[in-house]
Amino acid sequence: MTTTRERTSGQVVQSYLDTFFSKDLEKTLACLTDDVVWKVQGAPDVPTIGVRHGKEAVREWMALFPPNFEPLDFQVERIFESGDQAVLTGHFTHRIVSTGKTFSSDFAVICSVRDDKIAAYNFIEDSYGLWRAFQPG
């Protein structure tokens with residue numbers, strides 16, 4: 001009998017992030033359950049903020065990322081795991097396309113994993129700093 005060792009919850013989330021930054025939309029969406037709950041907290045007038053339910057809603061979120069953000073740096077510094085839960089912390093820098101402003105923040109992403117895919121995703125960053133970076137002038 002051959003068994004396949006499943007990845008840890010942290011490995012699943014890290015794999016998603018690696019795939020996301022490779023810009024392959026279909027492979028990135030394949031990292032998510034069909035009923036994924038996707039949450040990015042902050043000011044509602046920032047295009048990528050809000051709660052989305054399901055893979056197709058996340059597809060719409062992913063379509064908003066390239067016209068709004070130019071990733072300059074993204075580093076995962078720590079991974080905390082407990083069963084099907086993972087928290088990754090780190091730091092990133094993006095340029096906001098509409099304003100040309102650079103935005104840097106520490107982040108935490110809190111995820112639940114099911115069947116080797118992300119079932120819940122909650123990204124926490126400096127939401128006020130992000131909102132300010134979207135303001136002209």
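The following dialogue explains how to read several features of this predicted model.

Colleague: Let us begin with the sheet. How many strands does the open sheet have, and in what order do they stand?

Modeller: The open sheet has 6 strands, in the order E2-E1-E6-E5-E4-E3, and the pairing is mixed. E2 and E3 are the edge strands; each has a single partner strand, so one side of each is left without a neighbour in the sheet. From one strand to the next, the twist averages 15°.

Colleague: Which helix packs on the sheet, and which strands does that helix touch?

Modeller: Helix H3 packs on the sheet and touches E1, E2, E3 and E4. The direction of H3 makes about 50° with that of E1.

Colleague: What should I look for in the pairing of E4 with E5?

Modeller: One looks at the direction and at the bridges. E4 and E5 run antiparallel and are joined by 11 bridges. As an example of residues facing each other, Val87 stands opposite Ile110 in E5.

Colleague: Do E5 and E6 run parallel or antiparallel, and how many bridges join them?

Modeller: E5 and E6 are antiparallel, with 7 bridges between them. In this pairing, Val113 stands opposite Ile118 in E6. The two strands form a hairpin with 2 residues between them, and there Asp115 takes a positive phi near 55°.

Colleague: What is the direction of E1 relative to E6?

Modeller: Strand E1, residues 32-40, and strand E6, residues 117-124, run parallel, joined by 5 bridges. Lys39 stands opposite Asn122 in E6.

Colleague: For contrast, where is His53, and is His53 buried or exposed?

Modeller: His53 belongs to strand E2, residues 50-53. Its relative accessibility is 57%, so His53 counts as exposed. Beyond the neighbours within four places in sequence, His53 is in contact with Val36 and Val37. Distance can also be read in two ways: His53 and Thr102 are 49 residues apart in sequence and 29 Å apart in space, from C-alpha to C-alpha.

Colleague: Let us turn to the helices. Which residues of helix H4 are buried?

Modeller: In H4, residues 127-134, the buried residues are Gly129, Leu130, Ala133 and Phe134. They lie on the same side of H4, because they cover an arc of only 140° around the axis.

Colleague: In helix H2, what does the side chain of Thr28 reach?

Modeller: Thr28 is found in H2, residues 25-29, and its side chain reaches the backbone oxygen of Asp24 at 2.8 Å. With a relative accessible area of 1%, Thr28 is buried. Setting aside neighbours within four places in sequence, Thr28 is in contact with Tyr16, Thr19, Phe20 and Met62.

Colleague: How many aromatic pairs are found in the whole structure, and what describes such a pair?

Modeller: A pair of aromatic rings is described by the distance of the centres and the angle of the planes. The search of the whole structure finds 20 aromatic pairs. One of them is formed by Phe20 and Phe21, with 5.1 Å from centre to centre and 80° between the planes, and this pair is edge-to-face. Phe20 is buried at a relative accessible area of 12%, whereas Phe21 is partly exposed at 29%.

Colleague: How are the rings of Phe21 and Phe74 arranged?

Modeller: Their centres are 4.9 Å apart and their planes stand at 45°, so the pair is tilted. Phe21 lies in helix H1, residues 9-21, and Phe74 in strand E3, so the pair ties together parts that are 53 residues apart in sequence.

Methods
Residues are numbered from 1 along each chain as its sequence is written. This is a predicted model: local features need pLDDT of at least 70, side-chain atom pairs count only at pLDDT 80 or more; totals for chains, interfaces and linings use all residues. Side-chain values use heavy atoms; hydrogens and water are left out. Buried means under 20% relative accessible area, exposed over 50%, partly exposed in between (1.4 Å probe, protein chains only). Helices (H or I, at least four residues) and strands (E, at least two) are DSSP runs, numbered from the N terminus. The arc is that of the directions from the helix axis to the C-beta atoms. Contact means heavy atoms within 4.5 Å. Two strands pair if DSSP finds at least two bridges between them. Axes are lines fitted to C-alpha atoms, for helices over the stretch in contact, and angles run from 0 to 180 degrees between N-to-C directions. Rings of Phe, Tyr and Trp (its six-membered ring) pair if their centres lie within 6.5 Å; planes under 30 degrees apart count as stacked, over 60 as edge-to-face and the rest as tilted. A polar contact is a pair of N or O atoms within 3.5 Å; within protein, one must be able to donate a hydrogen and the other to accept it, and residues adjacent in sequence count only if both atoms are side-chain atoms.
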